[in-house]
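Please keep the sequence and the coordinates open while going through them.

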Amino acid sequence: MDDIHIVTATNDKYAKPLGVMIHSMLSNTKSADKIQLYIIESGLSSGNKKRLARVAYSGGARVNFLTVPHSLFGNLKKKSYLTQETYYRIAIPKLLGDTVTKALYLDSDMIVRKDIRILWEKNINGSYAAAVEKDNVSRRKKKQLGMPKRARYFNAGVMLLNLKKWRERNIAKKIVTFSKKHRKSIEYCSQDPMNAVIKGKWRKLSRKWNFITTYARRNKKAKPAIIHYTGPKKPWEHGHPFRKAYKKYEKTLEW
């Protein structure tokens with residue numbers, strides 16, 4: 001059974017929510033001892049590092065903390081709750097090294113309720129990534145991003161990445177270049193540039209693997225595999241249709 005390489009990113013503000021996400025994922029994965037977890041951090045306190053490491057180790061996973069130079073993404077566009085950490089996923093192909101050819105990126109503001117190996121084993125050969133399509137993306141937006149009219153647009157909170165293909169086509173550098181050149185066209189930091197560069201060359205996952213807040217409001221009785229608490233209102237601060245699901249894992253988290 002091969003190792004599962006999972007990458008996420010955080011700062012001190014999102015350290016505990018990330019702990020909840022990791023705890024939920026390890027609680028629902030049979031082969032948790034095969035998970036190699038990489039946490040890209042930005043000024044994370046030593047206390048939070050220890051807490052996150054304890055959550056990972058107690059669930060059977062291995063953990064590595066990685067850092068990204070502030071200068072790499074410091075001058076790129078930010079937007080309210082979308083901080084610099086949102087760009088860190090772009091650096092994954094370089095940070096993990098050439099021996100790792102596949103990685104699963106997960107945002108910190110989510111919980112995982114199914115065995116993550118099911119998602120890990122999805123076929124992405126020939127594609128840059130596998131992700132969940134975002135609904136109702138206008139043609140105008142696609143035009144602004146230089147995307148074909150019929151190209152699909154994905155939410156970047158859950159991405160199964162073909163790192164080999166990213167490296168071969170220098171995708172990370174192209175994304176940074178686009179972000180700098182088309183600053184005014186960007187609404188969702190890092191997500192828009194990724195879609196602009198990849199241009200629909202990705203595989204579609206079932207919505208259950210990245211069930212965002214918009215979907216949750218429409219269908220409160222759904223049973224998604226991954227609940228993604230998108231938007232500024234988070235379940236640890238405000239109300240949310242799936243707040244109880246989050247609290248279930250927060251209550252049993254050793255923090």
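Does K199 count as buried, partly exposed or exposed? Because its relative accessibility is 36%, K199 counts as partly exposed. This is a predicted model, and the points below should be read with that in mind.

1. Backbone at K199. This residue lies in the loop between α9 (191-198) and β8 (203-204), and K199 has a positive phi of about 50 degrees although it is not a glycine. For background, most residues other than glycine have a negative phi.

2. Backbone at N136. A positive phi, here of about 55 degrees, is also found at N136, which is not a glycine either. N136 sits in the loop between β6 (129-133) and α6 (139-144), and it counts as exposed because its relative accessibility is 73%, the cut-off for that class being over 50%.

3. Helix α1 by itself. Helix α1 covers residues 15-27, which is 13 residues, and spans 18 Å from its first C-alpha to its last, close to the 18 Å expected at 1.5 Å a residue.

4. Packing of α1 on α2. Helix α2 (residues 46-58) packs against α1 at an angle of about 10 degrees, and the two axes are 9 Å apart. The two helices are therefore roughly parallel to each other, since angles under 35 degrees count as such. On the α1 side the contact involves A15, L18, G19, I22, H23 and L26, which meet N48, L52, V55 and A56 in α2. Sorted by class, this contact has seven nonpolar and three polar residues, with no charged residues.

5. Packing of α1 on α11. What is the arrangement of α1 relative to α11? The axis of α1 and that of helix α11 (residues 243-251) come within 9 Å and cross at roughly 85 degrees, which means that α1 is roughly perpendicular to α11. K16, P17, V20, H23, S24 and S27 of α1 make this contact together with Y246, Y249 and E250 of α11. By class, four of the residues in the contact of α1 with α11 are nonpolar, three are polar and two are charged. H23 is worth checking in the viewer, as it is listed in the contact with α2 and also in the contact with α11.

6. Leaving out residues up to four places away in sequence, L18 touches T8, T10, I39, L52 and S108; L18 and Y246, although 228 residues apart in sequence, are 11 Å apart in space, C-alpha to C-alpha. S24 is likewise placed in helix α1, and it is buried because its relative accessible area is 0%. With residues up to four places away in sequence again not counted, S24 touches I111, V112 and Y249.

7. The largest nonpolar core. Which residues touch the most other members of the largest nonpolar core? Of its 49 residues, they are I6, I35, L104, L106, I116 and I226. The largest share of this core, seven residues, comes from α1. Apart from it lies another core, of 39 residues, which includes A103, L163, F178 and M194. In general, nonpolar side chains in soluble globular proteins tend to be buried together.

8. Leaving aside its neighbours within four places in sequence, L104 is in contact with H5, I6, V7, I116, L119, W120, V158, M159 and L160. L106 is placed in strand β4 (residues 102-106) and counts as buried because its relative accessibility is 0%. Not counting residues up to four places away in sequence, L106 touches I6, V7, T8, M21, M25, V112, I116, G157, V158 and I226. The C-alpha atoms of L106 and A156 are separated by 8.6 Å, while the two residues are 50 residues apart along the chain.

How values were computed: Residues are numbered from 1 along each chain as its sequence is written. This is a predicted model: local features need pLDDT of at least 70, side-chain atom pairs count only at pLDDT 80 or more; totals for chains, interfaces and linings use all residues. Side-chain values use heavy atoms; hydrogens and water are left out. Helices (H or I, at least four residues) and strands (E, at least two) are DSSP runs, numbered from the N terminus. The expected span of a helix is 1.5 Å times one less than its number of residues. Axes are lines fitted to C-alpha atoms, for helices over the stretch in contact, and angles run from 0 to 180 degrees between N-to-C directions. Angles under 35 degrees count as roughly parallel, over 145 as roughly antiparallel, 65 to 115 as roughly perpendicular and the rest as oblique. Contact means heavy atoms within 4.5 Å. Ala, Val, Leu, Ile, Met, Phe, Trp, Tyr, Cys and Pro count as nonpolar, Asp, Glu, Lys and Arg as charged, and the others, Gly among them, as polar. A nonpolar core is a set of buried Ala, Val, Leu, Ile, Met, Phe, Trp, Tyr and Cys residues joined through side-chain atoms within 4.5 Å. Buried means under 20% relative accessible area, exposed over 50%, partly exposed in between (1.4 Å probe, protein chains only).
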